[in-house]
Structures are given as C-alpha cells and as structure tokens.
Amino acid sequence: MKTVEIGSLSVSNAAPLLVIAGPCQLESMDHARMIAGHMAQVCADAGAQFVFKGSYDKANRTSLSGKRGLGMDEGLRILSTIRDEFGCPVLTDIHTPEQCAPVAEAVDILQIPAFLCRQTDLLLAAGKTGAAINIKKGQFLAPWDMQNVAEKVASTGNERLMLTERGVSFGYNALVADMRSLPEMAKTGYPVIMDATHAVAQPGGLGGSSGGQREFAPVLARAAVALGIGGVFLETHEDPDTAPSDGPNMIRLDDMAGVINTLMALDAVAKANPVRL
C-alpha cells in the first residue's frame, strides 16, 4: 500500500480520510476564500484531511455556451492564495501537456479529467512535474484498466498518484457507480478516491448542460467510505442552483459538516476492519 505525501498530509487507503472539496469552477477570490474557510474548519473539526479544489477552466462543457471559468492566470493566482492563507494543499484540472509545468508551480495536485485519462502525452507531462497527480477513471474504462493508466505516470519516476472513481456510462445521459471498482483499483496500491458528486451527474441531461441528482451524492459517499478508501471528492456551493457549472450534483455548503462527520465515523470503522480481497 502506497502513501502519497502532499504538503503536511499523508494519503493512503489506511490513513484518515482525505476530503477534496470546493466549487466546480472558481468564481472569484472572495468566493474561493469563503468556501475554503468553511471547509477547512469543517474538516479540522471532524479530523479529516483537507484539500481545496477549484477549476480555472472547464474545458469539457456540454455546449459551446457553457461558462468555462476565470482562465489560467486568475485561477492560479486564486489557488496559490488559498494555499498560502489556509495552509491546505490545492488541486485543479489540467487539459494539455503544455499546462502541466506552469500549473504545478501554483498547485499541489494536478488532476487529469476522466475524458483525458488515457492521453499518454498529458499523463507523461503531468508525471514529469513531480506534483501529486489525481487521475479520474474514464466513464468508459473498467477499474482494472487504471493499472495501465497509472503505469504511464509512474514511468516518469513519479508515483505520487491517486485514482478516482466517478461512475461509468450506463446508457444515454446516465452514470452508474459500481462499488467493486474501489477495491479493484486499490489493488494497484495507490490511494483510491470516490468522486461522489460527479458520479450522480446526468451528462448532457438538460440538453445544453448536465443534470444531476445531488440528493444521492452523500449516499454514494457513505457507501464508498464504508469500504475503506483514501478519500472522497465532493463539490460544494452555498447555492448550487446558481452555480455556473455542475450545480445539479453539488452538495450545499451548509450540509457539508453533517456529511463529513458521518463519513469520518464510517471511515474509522472501515479502517479498523479493512476489506481484504
């Protein structure tokens, strides 16, 4: 079992739960500060490890009219400030090999979007930065296929990897989360993360944008954490219905304390009695 050191955090499938949380896309400095401050306190009170996430560009929007974000320069300025002010690692998505090096200077974790998880040049460029890498499993992949994905990054000498489940395509505009995928991916030794909010998305379900069933995000998070995993990925917003992207599957910020407290209780039981396949 591998442990990934990220700043002061130690992430593994046996360590106390990691919570990766933040808005889908960065909206402003003040908004990021508000969410980061709230989540840092929630996680500290619950004993969870915390990483703030926010995307400077949503490059895979359903339609051309979808809001993409603040752009790299402003986004990285916000993320770097959040890291300095709150003392927490920060995570953002990258989409091209050219973005990897400059983004790695401002953030702790580079995230490979699910649609891009087999793009060899992107994986190699990300690995060469030496940053921690969170790879989202493609909606089109079996969990055991992630071994090959991880080996591409590891070939650069960088084994600071986390593997994230976010559901698999199940017919039109639908995803399904197979909990067997978590222990399957854990066989790689790398920390496994459950993306409970994107797993309840309905891709393209609203025609020009994605729908979702946010009420089921805490349900999937509970099921995943009860297996004993490295962490959970939860997008949150103070008013999801007004969020510029992924609002239908985001958890309300006011609900996060209750969600995290429950997850930490389940995590303690799961880590004391690990699943063995």
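Helices, as named here, are DSSP runs of at least four residues, numbered from the N terminus. In this predicted model, helix H6 (181–186) and helix H8 (256–272) each supply at least two residues to the lining of the second largest pocket.

- By residue class, the lining of the second largest pocket divides into eleven nonpolar, three polar and three charged residues.

**Nonpolar cores**

- The largest nonpolar core has 68 residues, and those with the most contacts inside it are Met39, Phe52, Ile135, Leu234 and Ile260; helix H1 (residues 29–46) gives the most to this core, with eight residues.

- Leu91 is found in strand E5 (residues 90–93) and, because its relative accessible area is 0%, where buried means under 20%, Leu91 counts as buried.
- Not counting residues up to four places away in sequence, Leu91 touches Ile20, Val51, Phe52, Lys53, Gly54, Leu79, Ile109, Gln111, Asn134 and Phe233, while Leu91 and Ser55, 36 residues apart in sequence, are 8.1 Å apart in space, C-alpha to C-alpha.
- In helix H4 (residues 120–128) the buried residues are Leu122, Leu123, Ala125, Ala126 and Gly127, and what covers them includes helix H3 (97–104), strand E6 (109–112), strand E7 (132–136) and helix H5 (146–154).
- Ala154 lies in helix H5 and is partly exposed, with a relative accessible area of 22%; beyond its neighbours within four places in sequence, Ala154 is in contact with Glu159, Leu161 and Tyr190.
- The C-alpha atoms of Ala154 and Leu124 are separated by 8.6 Å, although the two residues are 30 apart along the chain.

**The segment after H8**

- Arg276 is found in the segment after H8 and is exposed, with a relative accessible area of 71%.
- Between Arg276 and Ile20, which are 256 residues apart in sequence, the distance in space is 25 Å, C-alpha to C-alpha.

**Cysteines**

- A search of the whole structure finds zero disulfides; for Cys88, which is in no disulfide, the nearest cysteine sulfur is that of Cys43, 9.4 Å away, and Cys88 is buried, with a relative accessible area of 6%.
- Cys117 is likewise in no disulfide, the nearest cysteine sulfur being that of Cys100, 15 Å away, and Cys117 is buried, with a relative accessible area of 0%.
- A disulfide requires a pair of cysteine sulfur atoms within 2.5 Å, and the sulfur nearest to that of Cys88 lies at 9.4 Å.

**Backbone positions with positive phi**

- Most residues other than glycine have a negative phi.
- Asn173 has a phi near 55°, a positive value in a residue other than glycine; Asn173 lies in the loop between strand E9 (168–169) and strand E10 (175–176) and is partly exposed, with a relative accessible area of 41%.
- Asp246 also has a positive phi, near 60°, in a residue other than glycine; Asp246 is found in the loop between strand E14 (231–237) and strand E15 (251–252), and at 17% relative accessibility Asp246 counts as buried.

Note on methods
Residues are numbered from 1 along each chain as its sequence is written. This is a predicted model: local features need pLDDT of at least 70, side-chain atom pairs count only at pLDDT 80 or more; totals for chains, interfaces and linings use all residues. Side-chain values use heavy atoms; hydrogens and water are left out. Buried means under 20% relative accessible area, exposed over 50%, partly exposed in between (1.4 Å probe, protein chains only). Contact means heavy atoms within 4.5 Å. Ala, Val, Leu, Ile, Met, Phe, Trp, Tyr, Cys and Pro count as nonpolar, Asp, Glu, Lys and Arg as charged, and the others, Gly among them, as polar. A nonpolar core is a set of buried Ala, Val, Leu, Ile, Met, Phe, Trp, Tyr and Cys residues joined through side-chain atoms within 4.5 Å.
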